[in-house]
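The stops below go from ring pairs to a pocket.

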Amino acid sequence: MPPAKPDLAATLRAALAEAAEPARAPGMQAYMKSAMPYLGVSAVPLRKVCRNLFAGLAWPDTSAWQADVLAIWRNAEFREERYAAIELTGERGARLFQRLDALPMYEEMIVSGAWWDYVDAIAGQRFWPILKAEGEPMKQAMLTWSKDKDIWKRRSAILCQLKAKQETDLDLLYACIEPSLDSKEFFLRKAIGWALRQYAWTDPAEVRRYVAANADRLSGLSQREALKNIAVG
């Protein structure tokens, strides 16, 4: 992998520091239960910093793009820097790189990040383009992840079709849910409910059917989340 652009991470950190409200940082850190400190940059100004800094960036290949992303991610001292690394993965210039060979990078970010804010942004936003581009290999990867001992990889597999709408592969969705149906883990129960609730916008009858058919295994949390936006009966 070629070396990352040497000044991007440093320029980003300086821009984030300039946009920060330091008084907000302790509350943000406490809310996210984060060991890594915050600068105090909320979502809107953070996205503005990223738009300004990343606009027009282009890479000759996926290795160069991944190098930039991972340089920011691995060297981050503040949580906002990692949010910015995730933003960089979604830049226009990176659309062609949303392929299976990006999955090891995303896996590193998910496993090392190990918290819902990172995982949901990556799995919920970045995995669907890879599924569309490389259906069967990515499907097999998600099926493997769904049985992994790492709960964040499991959560990612469950959430990988959040943006699929009518293109949702129900067999894949249910297969990714299945290994975690009996889990007591809050973040897996919540993910199951969220994934089902999202698909309910497309086919509420199917979600009602699935919840009823699996009522003895789905947690109360998963059922409530799944049915939150549809009438039951």
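Select Phe127 and Trp145. Both residues are buried. This is a predicted model.

Now look at the two rings. Phe127 and Trp145 form an edge-to-face aromatic pair, with 5.7 Å from centre to centre and 70° between the planes. The pair links distant parts of the chain: Phe127 is in helix H7, Trp145 in helix H8 (residues 135-145), and they are 18 residues apart.

For another of them, select Trp115 and Phe187. Their ring centres lie 5.2 Å apart and their planes meet at 65°, over the 60° cut-off, so this pair is edge-to-face. Trp115 is in the loop between helix H6 (103-113) and H7, and Phe187 is in helix H11 (residues 186-200). Phe187 has 16% relative accessibility; the cut-off for buried is under 20%, so Phe187 counts as buried.

Next, the pocket. Select Arg47, Tyr83, Glu87, Asp117 and Ala121. Of the 19 residues lining the largest pocket, these lie nearest its centre. The pocket's volume is about 460 Å³.

Colour by helix. H2 (25-32), H3 (43-54), H5 (79-89) and H7 (116-133) each supply at least two lining residues. Which helix gives the largest share? H7 does, with six residues.

Finally, colour the lining by residue class. It divides into 10 nonpolar, three polar and six charged residues.

Terms used: Residues numbered from 1 in each chain as written. Predicted model: local features only at pLDDT ≥ 70, side-chain atom pairs only at ≥ 80, totals over all residues. Heavy atoms only, no water. 1 Å grid on protein atoms, 1.4 Å probe; cavity = no way out; pocket = protein on both sides within 12 Å on 5 of 7 lines; lining within 4 Å. Points joined across faces, edges and corners; volume = space filled by probe spheres on them. Helix = DSSP H or I, 4+ residues; strand = E, 2+ residues; numbered from the N terminus. Nonpolar A, V, L, I, M, F, W, Y, C, P; charged D, E, K, R; others polar. Phe/Tyr/Trp six-rings, centres within 6.5 Å; stacked < 30°, edge-to-face > 60°. Buried < 20%, exposed > 50% of the residue type's maximum accessible area, 1.4 Å probe, protein only.
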